Amino acid sequence: MTETPTLLPMAGHTRGKRSAITCQLKCDNACAAEVCNTTSNAYFRDIAQSALGRRQLLGLGAVGAATLVLGGVTQAATAPSAEAAAAGAAPAHYWSHGSPLSFRAIKPVDRLVDELTVPSGFSWQPVIRWGDPLFKRSPDFDPLHQSAAAQAQQFGYNNDYTDIVEIPGSRGRRAILFSNHEYVNPGIMFPPNLAATESRAISRAAHGLSVVELRRSRAGKPWSYQQGAPLNRRFLTNTPYSFTGPAAGSELLKTVKSPDGRVAFGTLGNCSGGTTPWGTMLSGEENFNGYFVTPGDRTTDKRYGLTSQPTTLGWELDEPRWNTRNQGYQNEVNHFGWIVEIDPLDPTSRPVKHTAMGRLKHEGANVIIAENGQVVAYMGDDERFDYLYKFVSKNKYRPGNSAAARAWNKKLLSEGDLFVAKFDGDSAREIDGSGKLPRDGRFDGTGRWIPLTRNGVSAVPGMSIAEVLVYTRLAGDKVGATKMDRCEDVQPNLKSRKIYVACTNNTNRGKSGYPAADETNPRTENRDGHVVEITERGGQVSQFFDWNLLLVCGDPAKNESTYFGGFPKDKVSPISCPDNLAFDSAGNLWISTDGAPSTIGFNDGLFKVTLEGRERGRVEQFLSVPRESETCGPIVHDQDGLVFVAVQHPGEEGSWAAQRSAFPDYVKPGSKPKRGRAALPRPAVVQVYRGSR
């Protein structure tokens, strides 16, 4: 019989974001663990609302109150159009802000609706779904007769980071889709008569990464994936990865399976990622802790959320490496928590894990070429009160697509300096708990990048270079980095070169025993999250920066503690729990969300945010995903008229006998699923385009 995951007791655990099922399967109840305990306290009004209230008290009135000083620049809101005014809280217009992709913003969708909703005039269809066959001899997906061998040849489960990149020379007709697979939910994946050992084996095969070829008739048309294409590839839990960088070969990475400490097997808990200028794909290993049984009493274990308890998936029953108390496997857990790089255009290449970029719960990594040619990668550690990081390569990028240039560039993330962010207000002030603004009325400030490594050696007293890179969280603790409200995606805008940090939420902020609200993380019990905008001083390799708050999220109709870059609150789409970020060709920001159903009562979605001019801070919802799913991996090919998202864990809270979503294979009312197929939700990558199917 299938072992349905048993939810562990979570006394005192206030989710504030996800369902209990998601908390257990995705991050092993990280918020209930010692690394992030929960007590109780009350809300206080946030800094952004105080800014608005202060200006009203000064007698500026409704028009003046809509103008806030942010980052030293006055952002004045425009008067809404008659059409927008008539729509009230549901914004509606066709302005594109420099992008050819114009649309009428949709209204928020109730959290119980099992539909993927797109703007008027647009349609959607899947590109690829969980279980779709990838290779010539791959079996078709049959949910009633699954096997590990079949899953290893099929698209994995819970696709998260996704990118679609045109194959050079194909004239827009061939592309590569890359996707990672974060975690599984056996309770809704497998029929009850499936043996537990097979369920666990399929679960392992459903993890990892996928590379899939796409084709279409001509540019501007939707894509279809190609079974059996030469570049199709799956990366599984037994796929070898080479370690690069200073920690490779260190004692902290040696195991029975990797006696020289230079090879890891598999990748786990992959969340977001990035695409490099040289055409490789990056993926961040995030919630790896839930796969291991460890002694649990070491500082390093506790700091990474590792425990001695049996895991939910139970892989330790099948393979000794998932229990680090087994002789020779003490360091196995250190093989996870890295940035992974793969070359999708070379199916014979071995993927790598870059130790120079540090080990943490990586949301992802996103790269920009600095003014002097060095490569800079920005990374967030997705845990409450953890840190924001920057990596600067030792060597410089070589432009071009020659074999020599690609070979050189693929080594750039192997050597360089690692930094962690320290944020300050204008005078290093902290919010006093009352929700009042500092006296000058501004919520922006300065910051600096504190070095953790320099020129291949440790910059942290008392820690070796290997210790800094393997236990990067402890290094950040030692140097006094700023504790953030869960840094998710961190994206450089290639138009403006500014950096955007999605802080998804932190309901422990300001509670008894936890850090208080500060200027960069301004809300106690921050349920809805916020977005920080960073401007590097003197270029991307600078150690100093300026910052401001772009968004303080929530539903402005129900929550006065929101802020939208100075734009009128009643003319934006409500948004909560920002997660992944992307940009269109005009430099507008796009945000996918994860957690809105449990905070503002609406399904998660994809939102466009104007960054420049009189409409700075205007949030417009483009799509809404089905019930109990999150929006991941946004891709905006606005010049091509296409938008893509990865829809993860639809119907998460269901069971095999009582599925709660039919996405994406909806059937007409009264009709039945195809013969031999069960009606169950399937995570999928979808494309949105103009016109009808």
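## Strand E25 and its partners

Strand E24 (residues 487-492) and strand E25 run antiparallel, joined by 4 bridges. This is a predicted model. Across that pairing, Val 490 stands opposite Val 501 of E25. The hairpin of E24 and E25 has 6 residues between the strands. Within the hairpin, Arg 497 takes a positive phi near 70 degrees.

E25 also pairs with strand E26 (residues 530-536). Here 5 bridges join the two strands, and they run antiparallel. Ala 502 has Val 531 in E26 as its bridge partner.

## A covered strand

How much of E25 (residues 499-503) is buried? The strand is mostly covered, with 5 of its 5 residues buried. Ile 499, Val 501 and Cys 503 point one way, while Tyr 500 and Ala 502 point the other way. In a regular strand, side chains alternate between the two faces of the sheet. In E25, the residues pointing either way are buried.

The largest nonpolar core holds 67 residues. Those with the most contacts inside it include Tyr 291, Phe 292, Met 357 and Leu 452. H10 gives the most, with 5 residues. A second, separate core has 24 residues, including Met 484, Val 490, Val 532 and Tyr 563. In soluble globular proteins, nonpolar side chains tend to be buried together.

Now look at one residue of the largest core. Which residues does Leu 452 touch, leaving aside those up to four places away in sequence? Its contacts include Tyr 389, Leu 418, Phe 419 and Val 420. Leu 452 also touches Ser 458, Ala 459 and Val 460. Others on its list include Val 468, Thr 472, Ala 475, Gly 476 and Val 479.

## An open sheet of six strands

Elsewhere, 6 strands form an open sheet. Their order is E10-E9-E14-E13-E12-E11, and the pairing is mixed. Which strands lie at the edges? They are strand E10 (263-265) and strand E11 (270-275), and each pairs on one side only. From one strand to the next, the twist averages 30 degrees.

Thr 244 stands opposite His 354 in E14.

Definitions and conventions
Residues numbered from 1 in each chain as written. Predicted model: local features only at pLDDT ≥ 70, side-chain atom pairs only at ≥ 80, totals over all residues. Heavy atoms only, no water. Core = buried A, V, L, I, M, F, W, Y, C linked by side-chain atoms within 4.5 Å. Buried < 20%, exposed > 50% of the residue type's maximum accessible area, 1.4 Å probe, protein only. Contact = heavy atoms within 4.5 Å. Pairing = 2+ DSSP bridges. Axes fitted to C-alpha atoms, helices over the stretch in contact; angles between N-to-C directions.
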